[in-house]
Amino acid sequence: MNQDSMVNRPKFSFFSPDKMLLNAISVFALTTLFYFFGASLRLVNDLSLFWPLNAVLAAIFVRNPWLNKAIYYFICYAAMLVYDAFTTQWGWQSTIINFSNMVFIVTAARLLLRYSRNMDESNWALNAFNIFNFSLIAAILSSLFGAVGSLGISGDYHEKFMPLYADWVSEQFSTGVLMLPCLLTASWPSWRKLTGIVPSDMYPFFSVVIAVCAAMIIGGAGSLAFPLPALIWCAIRYPLPVTALLTLITGGVEIVLVAHAAINLHSEQPLLLVDQMFSARLGIATIAICPLIVSISVDAINQLIKQTSRRADYDYLTGVYSRSGLFEALKRSGRHQPIPQEPLLCVMLLDIDFFKRINDSWGHECGDTVLASFASRVLDTVGERGMVARIGGEEFVVVCRVRDNQQGFEIAEQIRKTIEVSTFHYEEQSLFITVSIGLAEAALGNNTLEATFNQLIPEADKYLYLSKRHGRNKTSASNVHAEVFPASHMRDS
């Protein structure tokens, strides 16, 4: 990750790159504070039910990259040992357990800083997967030390390593996945946005509350999945930081409720007097509907992207390519086309003759109608042989791959003659127009289609000017035999 970009993100105000003493005090204080929170959630003679410290410190190190120095890591570790020295009787085991905390903090922070993209919302679709992966790696590594240090700590000296290791991995991993997205996207709320909230904006939040209450009432194996659809609804309606916060709160609340049997996963007599299969079936149904919600949302996003892309790539009035759309089409064609049988690229610039008179005489609505009809006639004439784009006003461009100079000129003449004999209708009026064409051709060689197109545009523009100067309704180009066409249609050399 570009660490400089991290510096520009919102950060904790009591950290500064040039205030080492303040940073040291802040790191020590925050470590002690969140160690206290985690210790307060310890079960009797057991480890913590929910341990926020590691995720909080990892997020601090990620959001403040200048803190990633040995001195600040040591201060974190020292704060943990000092707290345990005053509050527990763990002795040497405290050094191992807290070392496991540091392994998680340093591993998660360093991996996120090294491999994640810039921490902004436009890249969080990828970073979310990084948090999942890196939290798992950090949990697996740190739990090796944590499980060893925990052997016998509860007074049971017959504990086995694997159950302790599994408990450590699950706690560290779940806490990292729950907390890091929220901590890394957190920012101070805007009061303007808060005052603009309407009652309907709160529906997804209330649905989460109702789902958690339903889990408490129904209980059973499937109850933990009840909030899933509501959280997905939140993800659709709310910004990422809000969704991450609600997910964190929901997950934390469910963990606490399960630990205190408020959500009873194994009760044979739940409150509603229904068997365990009732809860399991509801949970499975809840899980099943979640992919559908996501799929519908993704489909709507894809449709919006297609509409946006079409508006960018096509001219809204005529339906032909826009200037930018033509360049994208040329790039796609160049990538996917096999070895061409037409070695030349032909570029034609088309300009409707005396188009200003139409706007002045009949109005711009009439002009728009003529432009749309003109583009349709050109598209029909060119067909599959080339691309048509509107590049401004009454000026269009046609791009074709041709065998030789003669073929390009023939296509241009077909366009010119088609327009010359066509009748354009507006309301009850019949209008006749003509078009002037400038044509340029070149072999592609090693150039791309778009590079060759850019080289040919000035030459085509020069021949378009010749067509207009010599009376309009003409096709002008070079390198064609004069005897092929009538004198009135000859190219100007």
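**Entry 1: E427**

I looked up E427 and found it in the loop between β4 (424-426) and β5 (429-431); strands here are DSSP runs of E with at least two residues, helices are runs of H or I with at least four, and both are numbered from the N terminus. The model is predicted, so local features need pLDDT of at least 70 and side-chain atom pairs count only at pLDDT 80 or more, while totals for chains, interfaces and linings use all residues. Residues are numbered from 1 along each chain as its sequence is written, and side-chain values use heavy atoms, with hydrogens and water left out.

I list E427 as exposed because its relative accessibility is 70% (exposed is over 50% relative accessible area, buried under 20%, partly exposed in between; 1.4 Å probe, protein chains only).

**Entry 2: V347**

I next checked V347, which sits in strand β1 (residues 344-352). V347 is buried, as its relative accessible area is 0%. Leaving out residues up to four places away in sequence, I noted that V347 touches V397, V398, G438, L439, A440, F453, L456, I457 and A460; contact means heavy atoms within 4.5 Å. I also noted the pair V347 and T452: 105 residues apart in sequence, 9.4 Å apart in space, C-alpha to C-alpha.

**Entry 3: Q172**

Is Q172 buried or exposed? I recorded Q172 as buried, because its relative accessible area is 2%. Helix α7 (residues 161-185) holds Q172. Residues up to four places away in sequence again not counted, Q172 touches N54, N101, F104, A139, S142 and S143.
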